[in-house]
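Hi there,

Here is the structure I promised to pass on to you. My notes on what turned up in it follow just below.

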Amino acid sequence: MMQLAMRNYIRAFKWQNIKESYHNGSWFSLLYIGIMLPLILNGWKMDEAGISILILFPNIFAMFTSVLYPMALPKLMYLCPMSKEMRKEYIISACRIRTGVPILLTILVLIIFLFLGLIDWVSALGMLLNNTVFALFLGSGTNAKGYGDIDQRGYRSIPLNTAFSVCEGVIILSCMLLTVGYCAVDITDPMWVKLLLLIITLLIPVPVTRYYLKFWPGSVENALCYENTMKQPIILRK
Amino acid sequence: MLLEIKDVCKRLGNFKLKNISLQLPAGYILGLIGPNGAGKTSLIHLILGLYEPNEGEILIDGLSYTDHEVDIREKLGTVLLEDLFVNGLTLKENASRFGEFYKNYSEEILLKYLNRFHLDADRKFKQLSKGEKLKFQFAFALSHDAKLLILDEPTGNFDPTFRAEFFEVLKEFIADGQRSIILSTHLTEDLDRIADYICYLEKGETIFAGDIESLRDKYRLVVGEEYKIKLLRKDDIIYLEKGEFTNRALVINRPSRLYDALKVTVPTIEELMYFMTKRGKKS
C-alpha cells in the first residue's frame, strides 16, 4: 500500500493540480510564503546567499501535499475493490508519506545548514522539532470537518470542541513564530537564547500537537467510508 | 438474482428513501426513472455501497457489502455524472492507476473501447468534454469484466450518433445472459426500446418496480371527451388532463374494462412519468 500511495502521490504532484486544489486551502500556502519569506530573509543576517529560505521548503511541501491529498480518498477509490482494512492501510500509508517526506526534507536542509556552519546542534534540534510538529499537524489530515459521525437523521454531527480549534491556532502560530525565531538567532548568539527557543518548542507546539493527534484515529475511521467524507448537512453538537 | 434490494430505507438530511424493494435477474436492463430529486442517485449510491442503508439489505449476486465488499466491487462497473478521474493524468494513466485494484482489468479491452469511442488514450482527462469524460468512464467500466453496470444519467451528454453506439454496447454487454445493467435516465424513449425492467421513483418512494410488460399492462392512456373519461371508476383515473380540443387521462387498466368510445393506447414511459408526476393535482 505504501508503494501504491507513493506512486499515486508522485503521479498527481503537479502544479496544475495544486492550483486546482485551492478550495482545500492551497491559498493558505501562498499566504504562508508571503508572510514568512521576508521575515526569514530579514532575520538571518549571516545568510548572504539567502540559503536560509530552504528551511521553509519542507513546510511548503507539507502544505501542498496536505491540500493536494486530503485524508478523504477520491470517490473512485471508494468504488474500487478494496476492503475497509485495505482502505485504512492506504490512508495510513498516505499519512506517513505526507508527514515523512517533509521531515526527511527538513533533516536534509539541516545537514546543509550544519555543514555550512549556519546553525549549531541545539538550533538544528529545535528546527527539526518545529518542522516535525508542523508536518504532523498538516500531514495527519486531522480536521474538524472530517471528525464527525453521520447520525440517524442523515446529518453529520460534528463535536463542537473548542480545545480542538484552539489547538489548530496554537500549532500554526507557534510554528510560524518559532521558525522566524530560529532563523533570527545567529550561531554566535549566547547558548541560553537557543536553549530558550528549544524549551518553548518543547513546551508549546510539541504537547499541543500530541493532544491534537488524539483526534487522528477518529479522522481515519471517518475517511474509510465515503458517506462520512462527502458534503452533507452539518450540525454542531456540544 | 444479480441485484436484490429488500425494504431499504435511507435518510439523507430532510430526504428519505422509503422501503425500496427491487429485483434484477442476470441478463436484463433495469431503467431507473423519476423526476429530479426523486432519489435515483441516492439509490444508485446505496447500490454502489457508498451509502449504508438505515434499514433493509442490498445483495449483489447474493453477496452483501458487510462480508464481501471486495468481491462485490469487482463485479460493479460505474458511470456517474461527475468527474471521477484525475484531471492532470492521461486516460491511459488514469485507467492504470485505478485499474490495478481490479483483478480482471485489461488495458487491451480499455484501448479497444477507447478506440471504438474515438478517444485518444494519451489525452489528459481535463481536456475532454463532459460527454467524452463519460465515454471514458464507460470504457473503464467495461474494461474490468464487471457483471453489473450502473449508469447514472449518462445519455443526456451523448451526441445522437454515440447514443446509438452506446445502446449497441449495452446490448452486447448483456448478450451472454450473465450480466445486467441499471440505467438511470430522463430520456425515457431510450428505455422504451431497451429496458426490460423499470423502477419508477418519486419523492423517495417506489411507485412501480417490475418488468416493463407488467407496467404496460397496468396502465392505459385514454383520449376522448371528458364526460366519457369520467364514466370510468374515479379511483382508476390517475390524472385527467383537460385540453382545448381533447382530453387525455392515464388510467389503471382493468382486464374486463370496456373503454366506450375512447381512444386507448399503451402509454410510453415518458407519458407514464408525465401523468404520474401530475397525479393528485388539478388539471
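Helix α1 (residues 2-12) of chain A packs with helix α3 (residues 91-99) of chain B at an angle of about 160°, and their axes are 11 Å apart. (Axes are lines fitted to C-alpha atoms, for helices over the stretch in contact, and angles between N-to-C directions run from 0 to 180 degrees; helices are DSSP runs of H or I with at least four residues, strands are E runs of at least two, and both are numbered from the N terminus.) α1(A) and α3(B) are therefore roughly antiparallel to each other; angles over 145 degrees get that label, while those under 35 count as roughly parallel, 65 to 115 as roughly perpendicular and the rest as oblique. The crossing of α1(A) past α3(B) is left-handed, meaning that the near helix is turned anticlockwise from the far one by less than a right angle (clockwise would be right-handed). Asn8(A), Arg11(A) and Ala12(A) of α1(A) make the contact with Glu93(B), Ser96(B) and Arg97(B) of α3(B), where contact means heavy atoms within 4.5 Å. By class, that contact has 1 nonpolar, 2 polar and 3 charged residues. (Nonpolar covers Ala, Val, Leu, Ile, Met, Phe, Trp, Tyr, Cys and Pro; charged covers Asp, Glu, Lys and Arg; the others, Gly among them, are polar.)

A word on the basis: this is a predicted model, in which local features need pLDDT of at least 70 and side-chain atom pairs count only at pLDDT 80 or more, while totals for chains, interfaces and linings use all residues. Residues are numbered from 1 along each chain as its sequence is written, chains are lettered from A and ligands numbered from 1 in the order in which they are written, and side-chain values use heavy atoms, with hydrogens and water left out.

Now the two chains together. In total, 32 residues of chain A are in contact with 32 residues of chain B. The area buried between chain A and chain B is about 2800 Å², with 58% of it from carbon and sulfur atoms; buried area is the accessible area (1.4 Å probe) that two parts lose on being put together, summed over both. On the chain A side, Leu76(A), Leu79(A) and Pro81(A) lose the most area to chain B, together 24% of what that side buries.

Within chain A, helix α7 (residues 121-139) and helix α10 (residues 205-212) have axes that come within 10 Å and cross at roughly 20°. That makes α7(A) roughly parallel to α10(A), and the crossing is left-handed. From α7(A), Leu129(A), Val133(A), Leu136(A) and Phe137(A) meet Pro205(A), Val206(A), Thr209(A) and Tyr212(A) in α10(A). The residues of this contact are 7 nonpolar, 1 polar and no charged.

α7(A) also packs with helix α8 (residues 162-184) of chain A, at an angle of about 150° and with axes 10 Å apart. α7(A) and α8(A) are therefore roughly antiparallel to each other, and their crossing is left-handed.

Lastly, chain B is divided into domain 1 (3-203) and domain 2 (218-278), with bounds from an automatic or database domain assignment. The area buried between domain 1 of chain B and domain 2 of chain B is about 700 Å².

Best wishes
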